[in-house]
Structures are given as C-alpha cells and as structure tokens.
Amino acid sequence: MATSVRKFQQDILNGIDLSRLLNEAYAISIKIKDKEMEKWCHCEISGYDNVDNVPEYRKISVRFVVDGTFRKNIPAEIPTDYDFLGYHKVTNSIFSLIKFTQQTEHQAVSFEFDNKINRDLCKLYNCPLDYTFKQQAAISQLSGIEDKVKEKIINWGMHLKPETLEEVSKNVKTNSQTINNYNISGNVNNSQIQQGNNNSKQKRSSIKDLIGNLFGSLFGHLFK
C-alpha cells in the first residue's frame, strides 16, 4: 500500500496526465477513508449533479448573446437582477473538458439553454421565439478549470505520508478475522458536454423565478 502513495507522488513529479492522477487520487482517498477528497474526486470524474455544489473555480464568466434570424452572436444586455446570466457553473466531468480542450480547432465554448428557458428569455426580451440565447466563454477558461483540479491533486498528494496506507493495511489485516472480503466498489458515469425589452415588473419577476428554477438544466454547446 505504501508503495502506491510513493508511486502516486512520483507520477505527480513526472507530470503524468491529469486523468490518471485523478483516478489514482480517487483510489487512494477511498483506501485511507478521506471522505472529503473521495467525494471531490467522484464529482470531478462523474460530473456535478447539482449546480449548488459546483466549486468556485468552475464558475466562469461568459458573454450573453443571442442568435437572430439574420445575425448571430448579438450581444444581449443583462437586465437588473439577472446577473446569473453573466456566468456559468460548469458541471461536466473533467474528462469531457479535457477531451474538448485537446481539440485544437475549438477557440470558444457556448452553453445553450433548454427550449423552455429559451422561450421565456425570448418573451423577456420581446423577440421572436425562434431566436436562440446562449452564453459564450473562451476555451482558456475550461483549461483554467483543469489547472485548478491538478493543483488540488498535487497539494493533496504531496502531503500524503506512505505510513498512512501502511496503517490502513494493518487495520484491514487485524479485522480480517471477522471480515472475509474487503471490497470497494462504485459506479462512475462520465458526463458529456452536450452539443448542442420593456416588460412589466410582474412579468419580469415571474420569468426570473422560472429561469432561476430551471437554470441548472443548462447544457454545453460547442462551436468554433
């Protein structure tokens, strides 16, 4: 077991790719019963199922734009009390982000709203219902998320002591008299990046509540 920590730390020093480091960190965190690290690794591997649990480093600033009939990427002014339209919480797994950023033809990423939210935004802005609202961000912001994930793994991994796993191994052997099998299992499902104004105060408030409730259903849409 102690060798696993030393190998993990050596992999860090050797600059092994982030995907492998994350999987190693996940396995070790389970072995040493570091519940906080285990939960974080799991979320990064499988994606965040709740935007409220998304770490701050996954909150990226975006341009709020709309595709019209004859023009695309038209900047849309964000109304008062709708500040959340100016940022996006990236819930996708780190693996899907890595896969996308490695495709060098991509310069930017956009996140489209589902049909229900898009219709409500069209009503809010008094524009045709076939207009498409979306959020845009530079691809470098996804790379920034990868950097933060790797930084956390390095900080955690390099402070591990091989003796920690040695102690766990002793405890497992001690308990083996009553426990015949010691199994660790779990399901990991990688999420994918999906391809994709003058109103009454009362109307704006109701639409705001609806959009706020459904905001977590945003899906990423990729473009060059």
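A salt bridge is a side-chain nitrogen of Lys or Arg within 4 Å of a carboxyl oxygen of Asp or Glu. The views below come from a predicted model. A search of the whole structure finds 7 salt bridges.

**View 1. Lysine 7 pairs with aspartate 11 in helix H1.**
The closest N and O atoms of lysine 7 and aspartate 11 are 3.1 Å apart. Both residues sit in H1, which spans residues 2-13. They are 4 residues apart, so about one helical turn separates them. Lysine 7 is partly exposed, with a relative accessible area of 42%. Aspartate 11 is buried, at 6%. Side chains of opposite charge can pair when their charged atoms come close.

**View 2. Arginine 20 meets glutamate 24 in helix H2.**
This salt bridge has an N to O distance of 3.4 Å. H2 covers residues 18-31. Arginine 20 and glutamate 24 lie 4 residues apart in this helix, so they are separated by about one helical turn. Glutamate 24 has 17% relative accessibility. The cut-off for buried is under 20%, so glutamate 24 counts as buried. Arginine 20 is partly exposed, with a relative accessible area of 37%.

**View 3. Glutamate 44 forms a salt bridge with arginine 58.**
The closest N and O atoms of this pair are 2.8 Å apart. The pair links distant parts of the chain, 14 residues apart. Glutamate 44 belongs to helix H3 (residues 35-46). Arginine 58 lies in the loop between H3 and strand E1 (59-61). Are the two residues buried or exposed? Glutamate 44 counts as buried, at 0% relative accessibility. Arginine 58 is also buried, at 0%.

**View 4. Four residues join into one network.**
The members are Lys7, Asp11, Arg20 and Glu24. Salt bridges that share partners connect them.

**View 5. Helix H4 is largely enclosed by the rest of the structure.**
H4 runs over residues 94-101. Why is the helix described as largely enclosed? Because 7 of its 8 residues are buried. The buried residues are Ile94, Phe95, Ser96, Leu97, Ile98, Phe100 and Thr101.

**View 6. Strand E5 runs antiparallel to strand E6.**
E5 spans residues 108-112, and E6 spans residues 132-138. How many bridges join the two strands? There are 5 bridges between E5 and E6. Alanine 108 stands opposite alanine 138 in E6. E5 is mostly covered, with 4 of its 5 residues buried. In a regular strand the side chains alternate between the two faces of the sheet.

Note on methods
Residues are numbered from 1 along each chain as its sequence is written. This is a predicted model: local features need pLDDT of at least 70, side-chain atom pairs count only at pLDDT 80 or more; totals for chains, interfaces and linings use all residues. Side-chain values use heavy atoms; hydrogens and water are left out. Buried means under 20% relative accessible area, exposed over 50%, partly exposed in between (1.4 Å probe, protein chains only). Two strands pair if DSSP finds at least two bridges between them.
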